[in-house]
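Visitor: Could you take me on a close look at a single part of this protein? I am new to structures, so please go step by step.

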Amino acid sequence: MRRRDAPTLPDPGLADLAPDQRLRRLELTVTRRLDGLLHGQYRGLLPGPGSEAAGSREYRPGEDEVRRMDWAVTARTTVPHVREVDADRELTTWLLVDASPSMEYGTATLDKRELAVAAVAAVGFLTAGVGNRLGGQVLAPDGIRRFPARGGRTHLLGLLRALLGAPRTDGHPATPGLHDGLDGLQRMATRRGLVVVVSDFLDGLPDEPDGAPAWEAVLRRLAVRHQVLAVEVTDPRELELPDVGLVTLVDPETGRRREVWTGDPGLRERYAQAAAAQRDQVRDALRRSGATHLALRTDRDWSADIVRHVHAQRRLAAAPAAARGGAA
C-alpha cells in the first residue's frame with residue numbers, strides 16, 4: 001500500500017526515458033490524441049493527392065499548380081478551375097529527417113531532434129495501414145541513412161530507433177546538406193505519394209533576404225509529383241536572446257564561436273529582428289516550393305499543433321465540396 005506522505009515523482013520527460021520507453025510514450029500520445037483524424041482515406045495530414053477524380057474547384061493564384069487546371073470546366077464557367085482527386089487507397093510516405101548538429105539544440109522539454117522524432121512518429125502511426133508503406137532518409141553526422149519503403153509497425157519502430165540512436169557530433173561536422181538529402185529522396189520516391197521533410201531548414205539559407213535557399217529548387221520539383229509536408233522545428237531561444245550576461249555562442253553547423261554581451265538591449269532587439277527575418281525567409285521559400293507548412297516548437301504541445309494542422313487541412317479540403325453542394 002502506498003503511503004499518503006510519500007513524495008510524488010514528476011512525470012519524466014521524453015529525453016529522460018530509455019529508447020524503448022520513449023517509443024512507447026510516443027505511440028501512446030499519437031494513439032490517444034491524434035488517432036481517428038484520418039478517417040476518410042488518408043486525408044488527415046494533407047488533402048489529396050491521388051488518381052481518382054473528385055470534381056473541380058476555383059483556381060487559387062499562388063497556391064494551385066497550373067498543370068492541374070480543369071480546362072473543360074474553365075471554358076464552361078469562364079472562371080479558372082483546377083481538378084481535385086481523391087487520395088489513393090495505398091499510401092507511400094517518404095520521410096527526410098534532419099539530424100544535423102543544429103537539430104541537437106533545445107532549451108525546453110525536448111530538443112529539436114527529439115521533437116523531430118515525435119513528428120516522424122505522428123506521421124508514421126497516422127499513415128500506418130494495410131498496404132501503406134513508409135521509407136526515407138536520415139541526414140546524420142555519419143552520413144545519409146536510407147530506409148526502403150516498407151509496411152508494418154516493426155519497420156516504423158526500427159526507423160524511430162535509428163533516429164533516437166543517430167550519433168551526435170561536436171566541433172565541425174560533415175553532415176550532408178538538406179539539398180543532397182532532397183535530391184536523393186527524389187530518386188528514391190519514384191511512385192507518387194506523400195513526402196514529409198522534418199528540419200529546421202537553416203541549411204543553405206542565402207545571406208540576401210530575397211535569395212532562394214539551396215534546397216528550394218529540388219523541393220519544388222518534389223512538390224510537382226508528390227504532396228509535400230514541410231515540418232519546421234524551432235526552439236524559442238533561436239527567436240529571442242535572453243539577458244544572461246556574457247555568453248559564448250557556437251554555430252553548430254560551422255563550429256564558429258563568438259562571445260556576446262546579452263545585457264545590451266539593442267543587441268537583443270537586432271537578434272530578434274534577424275531571427276524573425278530568417279524564419280520569414282524559410283516560410284516564403286516553403287510557400288514558393290508548393291509545400292504545406294507545419295511549424296512545431298520545442299516549448300509547445302506538439303501533438304496539439306499537429307491536431308490543429310490536421311483540422312485546418314480537413315476544412316481546406318471540405319470547403320470546395322461544400323461550395324459545390326451549395327451551388328448545386
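Guide: Let's begin with F201, which is buried, as its relative accessible area is 1%. For that word to apply, the relative accessible area has to be under 20%. Please keep in mind that we are looking at a predicted model.

Now turn to the ring of F201. When the whole structure is searched, one aromatic pair is found. Its members are F201 and W215, with ring centres 5.2 Å apart and planes at 55 degrees, so the pair counts as tilted. To see why, recall that planes under 30 degrees apart would be stacked and planes over 60 degrees would be edge-to-face, so the values left over are called tilted. The two partners are 14 residues apart, and W215, like F201, lies in the loop between β6 and α6. What about the cover over W215? Its relative accessibility is 0%, so W215 counts as buried.

Yet T78 counts as exposed, because its relative accessibility is 68% and the exposed class begins over 50%.

Helix α3 covers residues 112-127, and at 1.5 Å a residue it should span 22 Å; the C-alpha atoms at its ends are 23 Å apart, which agrees. At the start of α3, a side-chain oxygen of D111 comes to within 3.2 Å of the backbone nitrogen of R113.

Finally, step back to the whole protein. It has eight helices and 10 strands. Of its 328 residues, 46% are buried, F201 being one of the buried residues. Among contacts with a separation of 6 or more, 74% are between residues 24 or more positions apart. The protein exposes about 17,100 Å², and carbon and sulfur atoms supply 51% of that area.

Methods:
Residues numbered from 1 in each chain as written. Predicted model: local features only at pLDDT ≥ 70, side-chain atom pairs only at ≥ 80, totals over all residues. Heavy atoms only, no water. Helix = DSSP H or I, 4+ residues; strand = E, 2+ residues; numbered from the N terminus. Buried < 20%, exposed > 50% of the residue type's maximum accessible area, 1.4 Å probe, protein only. Contact = heavy atoms within 4.5 Å. Areas by Shrake-Rupley, 256 points an atom, 1.4 Å probe, with all protein chains shown as cover. Expected span 1.5 Å × (residues − 1). Polar contact = N/O pair within 3.5 Å; in protein donor to acceptor, adjacent residues only side chain to side chain. Phe/Tyr/Trp six-rings, centres within 6.5 Å; stacked < 30°, edge-to-face > 60°.
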